[in-house]
Amino acid sequence: MITTPAGRTGSASVPAIGTTATVLVTEAAALDAAVALLRADLDALDLACSRFRPDSEIRRAETGRSTQLSPLLATHLDAALRAAALTDGRVDPTVGGCLDGLGYDRDLAAIIDGPARPAPAPGWWRLLRHQDSVVVPRGIRVDLGSTAKALAADHAAARIAAHTGAGALVNLGGDLGRVSEIGGSGCAML
């Protein structure tokens with residue numbers, strides 16, 4: 001739990017990755033640095049993991065060929081595959097095409113006749129993960145949304161705390177990461 005005397009905390013919210021990103025720090029003087037660090041982390045996350053950006057690293061990996069992964073995408077892909085394994089596929093990063101079929105690839109106002117009925121997810125086990133690469137079979141669209149925000153919130157809070165020395169709480173649309181002291185962190189998906 002983060003406790004500070006009244007008036008010494010600082011918080012700010014910014015739009016990012018399709019949601020609102022909020023950071024709270026235990027020292028108001030650390031707020032500007034915390035916001036800058038959070039923005040940098042979320043910009044990097046968007047470029048690596050966004051299924052909405054045709055230039056994102058995950059979109060470029062959907063080729064059917066072995067693709068080298070950045071450390072950031074590797075971390076997020078590994079978290080998604082671990083979640084899939086732990087849930088017997090109930091959390092499946094191959095749902096990108098299903099989400100597109102439901103209309104989550106464009107503004108909902110652009111859907112005239114209602115969403116299409118999507119096919120089932122191809123299955124997370126079809127993603128072939130190697131040491132520093134992945135093979136995403138052709139036709140599979142990857143969506144890391146079920147795990148990426150929670151992991152990003154936790155990593156951002158830890159980085160903010162390490163850089164500023166202040167306790168930090170990061171909220172990414174309900175996915176929380178917190179660090180109450182250097183070295184102590186936790187993550188909660190709400």
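Accessible areas are computed by the Shrake-Rupley method with a 1.4 Å probe. On that basis, the chain in this predicted model has an accessible surface of about 10,100 Å², and 55% of that surface belongs to carbon and sulfur atoms.

**The whole chain**

Begin with the complete chain, coloured by secondary structure. The chain holds five helices and eight strands, and their order along the sequence is β-β-α-α-β-α-α-β-β-α-β-β-β. Of the 190 residues, 41% are buried. Among contacts with a separation of 6 or more, 55% join residues 24 or more positions apart.

**Strands β2 and β6**

Next, select residues 19-25, which form strand β2, together with β6; the two strands pair in the antiparallel sense over five bridges. Within this pair, locate Ala-21, which stands opposite Leu-172 of β6.

Now show the side chains of β6, residues 168-172. Which residues form the covered face of β6, and which the uncovered one? Ala-168, Val-170 and Leu-172 lie on the covered face, whereas Leu-169 and Asn-171 lie on the uncovered face. In a regular strand, side chains alternate between the two faces of the sheet.

**Helices α3 and α5**

Select helix α3, residues 71-86, and helix α5, residues 145-164. Their axes are 9 Å apart, and the helices pack at an angle of about 125°. The arrangement of α3 relative to α5 is therefore oblique. The crossing of these two helices is right-handed. To view the contact, display Thr-75, His-76, Ala-79, Ala-80 and Ala-83 on α3, then Thr-147, Ala-148, Leu-151, Ala-152 and His-155 on α5.

**Helices α1 and α5**

On the α1 side, the contact residues include Ala-33, Leu-37, Asp-41 and Leu-45; on the α5 side, they include Ala-148, Ala-152, Arg-159 and Ile-160.

**Leu-45**

Finally, centre the view on Leu-45, which is placed in helix α1. Is Leu-45 buried or exposed? A residue counts as buried under 20% relative accessible area. Leu-45 has a value of 6%, and is therefore buried. Leaving aside residues up to four places away in sequence, Leu-45 touches Ile-17, Ser-50, Leu-72, His-76, Ala-148 and Ala-152.

Definitions and conventions. Residues are numbered from 1 along each chain as its sequence is written. This is a predicted model: local features need pLDDT of at least 70, side-chain atom pairs count only at pLDDT 80 or more; totals for chains, interfaces and linings use all residues. Side-chain values use heavy atoms; hydrogens and water are left out. Buried means under 20% relative accessible area, exposed over 50%, partly exposed in between (1.4 Å probe, protein chains only). Helices (H or I, at least four residues) and strands (E, at least two) are DSSP runs, numbered from the N terminus. Two strands pair if DSSP finds at least two bridges between them. Contact means heavy atoms within 4.5 Å. Axes are lines fitted to C-alpha atoms, for helices over the stretch in contact, and angles run from 0 to 180 degrees between N-to-C directions. Angles under 35 degrees count as roughly parallel, over 145 as roughly antiparallel, 65 to 115 as roughly perpendicular and the rest as oblique. A crossing is left-handed if the near helix is turned anticlockwise from the far one by less than a right angle, and right-handed if clockwise.
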